[in-house]
Amino acid sequence: MRTLGVRQILGPCAVGSLRRDLGPGTLVIPDQLVDRTSGRTQTYYDTGGVHVSFADPYCPNGRGTALKAATAIGQRAHDGPAIVVIQGPRFSHPAQSHRSAPP
């Protein structure tokens with residue numbers, strides 16, 4: 001995509017929340033993630049290993065633009081929490097959810 005001139009990608013997804021205050025209809029713009037997947041190639045590159053910093057996995061400009069657009073149209077939006085990515089497609093069982101829940 002970079003060779004085609006793409007510089008940013010918006011990748012929406014539908015997920016559940018471990019927080020009651022972030023119920024259905026809330027647009028969440030995450031700032032961090034916890035990757036609990038396994039058995040997958042850990043790179044987007046076809047040849048060789050390339051290490052990319054994952055300290056800030058989401059573009060601050062893209063996040064800001066999404067939040068501003070949501071506010072402009074009156075969409076309930078939340079800036080922030082980390083998301084937990086699990087192996088799928090499947091739903092987690094309660095023990096997994098509790099392990100990942102915020103304190």
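This is a predicted model: local features need pLDDT of at least 70, side-chain atom pairs count only at pLDDT 80 or more; totals for chains, interfaces and linings use all residues.
Let's start with charge. Side chains of opposite charge can pair when their charged atoms come close. How many salt bridges does the count come to? Two.

Take the pair of Asp-79 and Arg-63. Their closest N and O atoms sit 2.3 Å apart, and they form a salt bridge. Asp-79 belongs to strand E3, residues 77-80, and Arg-63 to helix H1, residues 60-72, so this pair ties together parts that are 16 residues apart in sequence. Now look at accessibility. Asp-79 has a relative accessible area of 48%, so it is partly exposed. Arg-63 comes in at 16%, under the 20% cut-off, and therefore counts as buried.

Next, Asp-21 and Arg-19. These two also form a salt bridge, with 2.7 Å between the closest N and O atoms. Is Arg-19 buried, partly exposed or exposed? Arg-19 is partly exposed, at 29% relative accessible area. Asp-21 is partly exposed too, with 48% relative accessibility.

One more arginine: Arg-99. Find it in helix H2, residues 94-100. Its relative accessible area is 55%; the cut-off for exposed is over 50%, so Arg-99 is exposed. How far is its C-alpha atom from that of Arg-76? The two C-alpha atoms are separated by 27 Å, and the residues lie 23 apart along the chain.

Now the nonpolar side. Please turn to Val-34, Val-84 and Ile-86. Together they form a nonpolar patch on the surface, with about 180 Å² of accessible area. Val-34 comes from strand E2, residues 33-36. Its relative accessibility is 34%, so Val-34 counts as partly exposed.

Last stop, Thr-37. Where does this residue lie? Thr-37 is in the loop between E2 and H1. Buried or exposed? Thr-37 is buried, because its relative accessible area is 17% and the cut-off is under 20%.

What does Thr-37 touch? Start with side chains. A polar contact of 2.5 Å links the side chain of Thr-37 to that of Asp-35. Then set aside the neighbours within four places in sequence. Thr-37 is still in contact with Val-85, Ile-86 and Gln-87.

Asp-79 pairs with Arg-63, and Asp-21 pairs with Arg-19.

Methods. Residues are numbered from 1 along each chain as its sequence is written. Side-chain values use heavy atoms; hydrogens and water are left out. A salt bridge is a side-chain nitrogen of Lys or Arg within 4 Å of a carboxyl oxygen of Asp or Glu. Buried means under 20% relative accessible area, exposed over 50%, partly exposed in between (1.4 Å probe, protein chains only). Helices (H or I, at least four residues) and strands (E, at least two) are DSSP runs, numbered from the N terminus. Patches are made of residues with over 30% relative accessible area and no salt bridge: like charges are joined within 9 Å, nonpolar side chains (Val, Leu, Ile, Met, Phe, Trp, Tyr) within 5 Å. Accessible areas come from the Shrake-Rupley method with a 1.4 Å probe; for residues, only the protein chains shown count as cover. A polar contact is a pair of N or O atoms within 3.5 Å; within protein, one must be able to donate a hydrogen and the other to accept it, and residues adjacent in sequence count only if both atoms are side-chain atoms. Contact means heavy atoms within 4.5 Å.
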